[in-house]
Amino acid sequence: MYKKVSVYLHFFQKFGFLKGMGIISKLKDKRNSFLSLKNIVHPIHLRKGNSDKDVFGQVFLNDEYKFNYDNNARYVIDAGANIGMFSIYIKNILRMLLLSL
């Protein structure tokens, strides 16, 4: 019970109460989901039956890619882009040419 409450609180802190509840309900949904996030131009498509929802949590909820980036870099190469979560994340932080493989 404590772990579940702590996960919900993490969502609320990161996205706000209403947005957090909406994201939680879409992540629990067994169907494909589309999530819209602040400062992300296009909705994120999460497919059912694979790791999309876990990867979303790693990238956008847990900030696993949050560190100081070189703002002088001209290119980012996302080798092994999978479903493109890092590409979406980094494109909203840095304004540079992005190549996703």
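In the predicted model, His-10, Phe-11, Lys-14 and Phe-15 of helix H1 meet Phe-56, Phe-60 and Leu-61 of helix H3. Contact here means heavy atoms within 4.5 Å. Helices (H or I, at least four residues) and strands (E, at least two) are DSSP runs, numbered from the N terminus. The contact of H1 with H3 has 5 nonpolar, 1 polar and 1 charged residues. Ala, Val, Leu, Ile, Met, Phe, Trp, Tyr, Cys and Pro count as nonpolar, Asp, Glu, Lys and Arg as charged, and the others, Gly among them, as polar. The axes of H1 and H3 come within 12 Å and cross at roughly 50°. H1 is therefore oblique to H3. Angles under 35 degrees count as roughly parallel, over 145 as roughly antiparallel, 65 to 115 as roughly perpendicular and the rest as oblique. Axes are lines fitted to C-alpha atoms, for helices over the stretch in contact, with angles from 0 to 180 degrees between N-to-C directions. The crossing of H1 and H3 is left-handed.

H1 also packs against H2, at an angle of about 125° with the axes 7 Å apart. H1 passes H2 in a right-handed crossing. A crossing is left-handed if the near helix is turned anticlockwise from the far one by less than a right angle, and right-handed if clockwise. Residues of H1 in this contact include Tyr-8, Phe-11 and Phe-12, and those of H2 include Phe-17, Ile-23 and Leu-27. By class, the contact of H1 with H2 holds 9 nonpolar, 1 polar and 3 charged residues.

The largest nonpolar core has 18 residues. Such a core is a set of buried Ala, Val, Leu, Ile, Met, Phe, Trp, Tyr and Cys residues joined through side-chain atoms within 4.5 Å. Buried means under 20% relative accessible area, exposed over 50%, partly exposed in between (1.4 Å probe, protein chains only). Ile-23, Leu-37, Phe-56, Phe-60 and Met-85 touch the most other members. H3 supplies the largest share of this core, 5 residues. Beyond four places in sequence, the contacts of Met-85 include Ile-44, Leu-46, Phe-56 and Phe-60.

Asn-82 lies in the loop between strand S3 (75-78) and H4. Asn-82 counts as exposed, at 61% relative accessibility. Beyond four places in sequence, Asn-82 touches Ser-51 and Val-55.

Residues are numbered from 1 along each chain as its sequence is written. Local features of this predicted model need pLDDT of at least 70, side-chain atom pairs count only at pLDDT 80 or more, totals for chains, interfaces and linings use all residues, and side-chain values use heavy atoms, with hydrogens and water left out.
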